[in-house]
Amino acid sequence: MLQIENDFIKRGGSMKEQTFSAVTLEEWKQAAQLSLKGKPLSSLYTKTAENIELKPLYTKTDVKGVQSSLPGEKPFTRGFYRLGTFPKPKIELAIDPVSEGAAAGIFPSKEVFEHIHNQSNITINTVPYHMAGANAVQELAVALSEAVFYMKMAANKNETVSKMIVHFAAGPRFFTEIAKIRAFRTLWSAVMDVYELDEQSKPAISVETSEQTLSALDPHVNILRTGSAAFSAVLSNIDYLHVLPFNQVTGSATELSERIARNIPLILKHEAHLDKVIDPAGGSYYIESLTNEIGRMAWDEFARIEEAGGIEYALKAGMIQKEIAAVQVKREKEIAIRKQLLIGTNMYANMTEKNEFTQQKTKRSNMKGEKIVALTPKRLAEPIEQLRQKAAAIEQTGKSVKVGIICLGKLKTNKPRTDYIMGILAVGGIQSVLSENIETVKEAVQFVEMNDFPYYCICGANSTYEQFGLELIEELRKVSRSAIIDVAGNWQVTGVDGSISAGDDIVEKLLALLSLFEGGSEQ
């Protein structure tokens, strides 16, 4: 840095006086295209769970038409009040009969709601929808629909709103979570206009860190997950925040884990100084655009629910449950193909840790009402946890859950695929036994003869595969004792049972492999 500054000074300038020349979007695209080395620019675009396409670069044109305001000014995107405050600790929430009923498979009868407006607060709890897989758009739409449902049965709408606490869960998508809360306030501004509410009729906003992305595997990673979620919640300008203990999902929360959870907001306040800023995300082209897009889609979804007959009809008809379940299936698929990573769970699994698993307790409700399709809560890590439980159960019978890795060629050529396959197998609790670096077919045959594994995977570079050719597979078949033989990558050769490569459903694959140790066969 000093050398650069000295060069500027020699040319008669000062580092502080230097400026960058303006660059057009087209020039940026050309530079980006060169850096992609043949890949299309479209490869930089990604889609969110809300089906919003995220661009690699946002400019002023992306926020054209977006209403700008200060905190406390309509449409309240930046905050309901002019002076922001750091969120208070968890508030005692009242029961939300609608969402609790949906989680239990019941829509409450009228008598359940008789005294709800006499409570000190009226909670709209979106967490059951979130835990069932709802994306940000769906969470906002049901929050508004529930709010309207409670307002319509009230004698005084403004008084009802003043008691409302809208409770969300903050998930792993950092910027989406910020945009979600900002969009809620913008949407509430529209609700105030449509339902002719007073200017002071604004609900409190409460957030808890999501349990959906917590894992019983390598649980200390959950501290990072809850820390990131809490960070996004604070930046979005909320009233209350609750951070879950990192080991909550194992049912073994301790004094230490609860203390860490309490300290996360304190660190954000006293060390990150987030109490000194109000809506720092405001003005970001990306976040403003994302906020606007989520809000627009959520309003359309809210309008669709209301036109269909409101939250009561939508839940009784199973409309909301079906759509949320479809999103959850996509989320699970992304975990299975490792499009979404859970460190310590579906990536970089720790084989040496002692895992604690608890059976998910089914919540029972004595609530009176009409039976409906229940929301099904599920954490994203559960399918992986079940694999590890299965492997542990097999080991408890005295069996060894080990497979053989045939490392073809020199270390530097087989290591990338060897490491990749070992990483995949570790996710399922399967131990890998590596051969020496194999240079001949005879050495590969000797490795298989010396072991009695039900499964082998051949790992090497494509060029190495071609050198060994079909002879390798034929000779291995003679000594493999009906073991399954796969190849890492997409080597098309007669005689192998299958392959493992990027983009495969690893949950499906690992379930099949674990069945081999139970006496089954890989399908």
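**Figure 1. Strands β9 and β10 run side by side in parallel, joined by four bridges.** Strand β9 covers residues 402-407, where helices (H or I, at least four residues) and strands (E, at least two) are DSSP runs numbered from the N terminus. In β10, Gln431 is the bridge partner of Lys402. Before you zoom in further, please note that this is a predicted model, in which local features need pLDDT of at least 70 and side-chain atom pairs count only at pLDDT 80 or more, while totals for chains, interfaces and linings use all residues. Residues are numbered from 1 along each chain as its sequence is written, and side-chain values use heavy atoms, with hydrogens and water left out.

**Figure 2. Five strands with parallel pairing form an open sheet in the order β10-β9-β11-β12-β13.** Two strands pair if DSSP finds at least two bridges between them. At the edges sit β10 (431-434) and β13 (498-500), each pairing on one side only. From one strand to the next, the twist averages 35 degrees. Helix α17 (residues 506-517) packs on the sheet and touches β9, β11 (455-459), β12 (484-488) and β13; contact means heavy atoms within 4.5 Å. The direction of α17 makes about 135 degrees with that of β11, using axes fitted to C-alpha atoms (for helices over the stretch in contact) and angles from 0 to 180 degrees between N-to-C directions.

**Figure 3. Tyr129 and Trp188 touch the most other members of the largest nonpolar core, which has 74 residues.** Such a core is a set of buried Ala, Val, Leu, Ile, Met, Phe, Trp, Tyr and Cys residues joined through side-chain atoms within 4.5 Å. Buried means under 20% relative accessible area, exposed over 50%, and partly exposed in between (1.4 Å probe, protein chains only). Helix α5 (residues 136-152) gives the most to this core, with 12 residues. Leaving aside neighbours within four places in sequence, the contacts of Trp188 include Phe80, Leu144, Val161 and Met164.

**Figure 4. Arg379 and Glu385 form a salt bridge, with their closest N and O atoms 2.8 Å apart.** A salt bridge is a side-chain nitrogen of Lys or Arg within 4 Å of a carboxyl oxygen of Asp or Glu. Both partners are buried: Arg379 has a relative accessible area of 4%, and Glu385 comes to 5%.

**Figure 5. Glu332 and Lys378 meet in a salt bridge at 3.3 Å, N to O.** Glu332 lies in helix α12 (residues 319-336) and Lys378 in the loop between β8 (369-371) and α13 (382-396), so the pair ties together parts 46 residues apart in sequence. Glu332 is partly exposed at 25%, as is Lys378 at 24%.
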